[in-house]
Amino acid sequence: MEAHVARLEAIIPTLATKEDLVKLELKLEKTIRAEITAVQQEIGGVYREIGNLHKDMGNVHKDMGNLRGEIGNLRGEMGNLRGDMGDLRGEMGNLRGEMGKIEKTVATLVMKAMIAMVTISTALSTFAFMFAGK
């Protein structure tokens with residue numbers, strides 16, 4: 001029994017009093033509150049960052065819509081240019097046709113001019129021959 005008493009006497013000074021437990025509980029509550037506040041601040045920061053990212057995503061989405069609109073406009077302009085090029089090709093074909101007619105007319109006029117020159121040359125030769133004998 002004395003051994004038990006000795007053990008109890010050895011343990012008793014290490015046991016905490018109620019005041020010690022109250023102080024420890026207050027310290028723990030203060031630490032827990034501080035940690036909760038820190039976690040809440042972190043969560044608030046994360047929510048703000050999510051809000052900023054959401055806003056940025058909205059801006060990216062808006063920019064993508066604007067780019068799609070611009071691409072659509074460019075495609076429309078390209079279609080118009082293709083149509084205009086087709087019209088120009090048709091006009092060039094018409095001009096080539098007209099040039100062909102002009103070339104044919106010029107060739108005919110050159111032939112007529114050459115015939116006229118031969119006729120005039122023959123007439124002059126004939127007149128010269130006729131007047132040379134007199």
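I count a residue as exposed when its relative accessible area is over 50%, as buried when under 20%, and as partly exposed in between. I am working on a predicted model.

**Entry: overall form**

I looked up the secondary structure first. The protein has two helices and zero strands. I then checked the radius of gyration, which is 56 Å. The globule rule gives 14 Å for 134 residues, so the protein is more spread out than a compact globule. I read the span of the C-alpha trace along the principal axes as about 185 × 25 × 25 Å.

**Entry: surface and charge**

I asked what share of the 134 residues is buried. Buried residues make up 0%. I noted an accessible surface of about 12,600 Å² for the protein. Carbon and sulfur atoms hold 67% of that surface. I counted 18 positive and 18 negative charges, and their mean positions lie 15 Å apart.

**Entry: Arg33 and Glu29**

I went to Arg33. Its relative accessibility is 52%, so Arg33 counts as exposed. I found its side chain in a salt bridge with that of Glu29, at 3.3 Å from N to O. Glu29 has 31% relative accessibility and therefore counts as partly exposed. I place both residues in helix 2, four residues apart, about one turn of the helix.

How many salt bridges does the structure hold? I have two. Lys101 is exposed because its relative accessible area is 54%. Glu98, at 41%, counts as partly exposed.

**Entry: nonpolar patch**

I looked for nonpolar side chains on the surface. Met99, Ile102, Val106, Val110, Met111 and Met114 form a patch there. Together these residues have about 550 Å² of accessible area. I checked Met111 separately. I find Met111 in helix 2, which covers residues 18-132. Is Met111 exposed or partly exposed? At 49% relative accessibility, Met111 counts as partly exposed, because the exposed class needs over 50%.

**Entry: Leu81**

I ended at Leu81, which also lies in helix 2. Leu81 has 52% relative accessibility and so counts as exposed. I took the C-alpha to C-alpha distance from Leu81 to Met92 and got 16 Å. The two residues are 11 residues apart in sequence.

Definitions and conventions. Residues numbered from 1 in each chain as written. Predicted model: local features only at pLDDT ≥ 70, side-chain atom pairs only at ≥ 80, totals over all residues. Heavy atoms only, no water. Rg over C-alpha atoms; globule rule 2.2 N^0.38 Å. Buried < 20%, exposed > 50% of the residue type's maximum accessible area, 1.4 Å probe, protein only. Areas by Shrake-Rupley, 256 points an atom, 1.4 Å probe, with all protein chains shown as cover. Lys, Arg positive; Asp, Glu negative; His and termini not counted. Charge placed at Lys NZ, Arg CZ, Asp CG, Glu CD. Patch = residues over 30% accessible without salt bridge, like charges linked within 9 Å, V, L, I, M, F, W, Y side chains within 5 Å. Salt bridge = Lys/Arg side-chain N within 4 Å of Asp/Glu carboxyl O.
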